[in-house]
Amino acid sequence: MKIKHTIPIMVSAAVLLVACGGGGNNTTSTPDLSKSSFNLTGTVPGTLIEAFCEDGSYHSTHSEENESNEHPFTLKIPTNLSCRLVMTTNEDDPDNKIITPIKFVNESGASSIAFSSEKDLHLDFIDLAMNSAEMHSDENQDKVEDTPREVALSSNASSAIKIIIQANDPLDSDNDGTINLLEDDDGDHIINLDDDDDDNDGILDIDDNDDDDSDHDGIKDDDDIDDDNDGINDESDSDDDNDGIEDEDEISDSIEIDEVDEVDEVDEVDEVDEIDEVDEVDEIDEIDEVDEVEVEIEVEIEEEKEKEEKDEDEEKEKDEDDEDEEKDEGDSIPPVTPPVASLPSAGRLLASQCAQCHRTDANPNKGFEDLIGEEIYGDLVEMKRENKLELMHLHANGYNEEQIRLMDDYFNNLSETKGDE
Amino acid sequence: MNISSRRNFLKSLGGATALASFPTILNAATKGSRVIVIGGGFAGATAAKYLKHWSPDLNVTLIEPNAQYHSPILSNLVINGQKSLNDITFNYNALKNKYGVNIVTEWVQGIDGAGKTVELSSNVKLEYDRLIIAPGISFLPVPGLDFNKVPHAWQSGDQLLLLKKQLDAMPAGGTFVMTIPPAPYRCPPGPYERAALVADYLKTNKPGSKVIILDANPKIIVEEETFSHEFNVTYAGIVEYYKNIKLEAVDSDKRIAITNAGDFKADVLNVIPVHSAGKIITTSDLANHPSGRWANVSPLSYESTKTPFIHVIGDSQGTGQPKAGHIANAEAKVCADAVIRLLAGDQPYAAPMTNSACYSPLSTNTASWLTGVFGYDASTDSMKVVPGSGGASNGVSKENYKDMFTWANSLFADTFA
């Protein structure tokens, strides 16, 4: 059941973290995970490796010191949970630690901080920043890299991992690639994970419940599948808030009768809706197909791209004056570009308006010109200056230079993340 | 909470998690909101595709009664035999298999805006968080008009083939009469394009034939100079153009257009009636445009101003933008982006742009074009042509004809591939 309460969290006794850099390979995952977990292995500088998962569970290990600068680690992570990986160097030194969120990029360019796997994954050496001077960017001086480190996956890892792309990541509410626990909400240069008072309202987080996150795992209760982080999915948990009172009893015992009644009513409606939905879905097979978002890149996409390039080459060789040529062109629309999520942006939306006539990340047809990787700013500004009665010149007149710059940046970024397709 | 409490709090729960059964589905936020798109033309197919392209975690269902879509774009080339219907026919395989759009091949019998459900012809109800409707157009009734005898051919497919069949059977020296409805209607240059192409076809294949154009508008509404030249020079002696002609009734058996200017007898009669939004717009009480024929929407999101959580794009929306496949595709992207933002609790992008472009074949090897870029004008809450961006080709050319296929094939791919 998912019924909202405000309760103080009973925090387990503090246990000092094991020092890192030369720490043992001390994974927090217990042997119980062996049947439902996979090993994430790799090498890093002396590092704390942490995985924060969608149910609020936390898994960590330290790299193992050896005589080289590349320290191996093995982290057990549950299968069938989407998790986010974070690496921290100098983690036992609050003044000098550097936190690096990791974003995985598979062979086809799909990328996300969220991932899951059924199989063991091995990462090549990740050369992390060891001091603030080596950081790429830390404008708010919270010792967290402002953008996640992109880790390109090998062919084997790409085929094993599931890159999970989602519009609304409950662990990363602003979708900036840094999970909520690593944000610095109150701007005191202490990340929420380390901050006693995340919102600087004078109330310690353990007593503060104004963030709708009962278990303080960085996932709002509405999005949390395990509100009390007791390891039991709320749908199966008869005591969501772990206060020792069964949820059903809690409703009748509650002082806030009106509020509880309202919640109860909503809950019942939700349950009925869910049942209806299941019935309906059963009747339409196709609807089952897309529940969970996984971008699994297939070898055939590469093959399709090669075929497409070949087709384009052949097209160039045809006699341009042959009218039949256009018919053939119409018969052979190249294969589609794989879906790759991106966040809403002005550049993305404006650039999409070019795709009717140009190849982009969404349009596999070359059209008048392939814009992936193209710098369009100069050309469009020149067209505006020339002011000719040509279709593309008129389109250039439709946009101001700022808009052209946004589109130019978008297509440039496509080039950086995907390469020439 | 500091590091030695929160991290270890989390850590202490890691073991407990290990003992629990892991969830087999993602929670509500990651599972994906449900977006239903009704209509698989240029607007609907583009919306479904881009929703999944940009946000693969969304659960997007496209409801379209036909398994294939016949494009109105290039369809006049089927009439003159340069293209087959198959050349301009598309399916939804890429949307389904590559993008993960659920395809439901059924009619919709009703929409419950308050309950946020769509009821299919099979009586199945589907829930949505956001609904996008792109039903294209419908026609207002004309007394005596029987489309089985007098085709409109303004929606592609069987109607197109019927018109072609009638033209092929028309004797030399015959008369082709077509009526053009008052604007707005689908594809502003389309009727004039058709008239020119039919004239070109008759000139070669049915010598001595006539093309009579009965236009309800006070003048040729787009590319006036180009079309006037085609009618008065290129097809002089074949085309007769009449403006301000109001169609009052049709004798479908005798193929007579009965108008305010008299009766026009045809060997082949092509009546394009007054347009209205797709029927589901009116039956769902969404046609709140003052004309009663279109759905008023916000140009920022295409959300209905009548019923929240319902968006209307393409020919059925009433923003005043042209009704055509290219700009329907453009509107769909603005709508898809807005829906994604709204589902995330954000506001639609505040300065959306769309654009319209259309190439018109006017013979077997010449074409013209027409274009314009539209930007959001906050002072009037409407989309307006950006000054300097609207225009048409300087007459026809063979180069335009070649470019037409590049344009169309790209647009087809951007929508369906």
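Biologist: How many salt bridges does the structure hold over all chains?

Modeller: This is a predicted model, in which local features need pLDDT of at least 70, side-chain atom pairs count only at pLDDT 80 or more, and totals for chains, interfaces and linings use all residues. Side-chain values use heavy atoms, without hydrogens and water. A salt bridge is a side-chain nitrogen of Lys or Arg within 4 Å of a carboxyl oxygen of Asp or Glu. Over all chains, the number of salt bridges is 17.

Biologist: Which residue forms a salt bridge with Lys97(A)?

Modeller: Lys97(A) lies in the loop between strand 5 (83–89) and strand 6 (98–105) of chain A, and its partner is 97 residues apart from it, in the loop between strand 11 and helix 2. Helices (H or I, at least four residues) and strands (E, at least two) are DSSP runs, numbered from the N terminus. The closest N and O atoms are 2.3 Å apart, and the partner is Asp194(A).

Biologist: Is Arg359(A) buried or exposed?

Modeller: Arg359(A) meets Asp370(A) in a salt bridge (3.8 Å, N to O). Buried means under 20% relative accessible area, exposed over 50%, and partly exposed in between (1.4 Å probe, protein chains only). Because its relative accessibility is 3%, Arg359(A) counts as buried.

Biologist: Which residue of chain B forms a salt bridge with Arg186(B)?

Modeller: Arg186(B) is in the loop between strand 11 (175–180) and helix 7 (190–205) of chain B, and its partner is 129 residues apart from it. Both residues of the pair are buried. With the closest N and O atoms 2.6 Å apart, the partner is Asp315(B).

Definitions and conventions: Residues numbered from 1 in each chain as written. Chains lettered and ligands numbered in written order.
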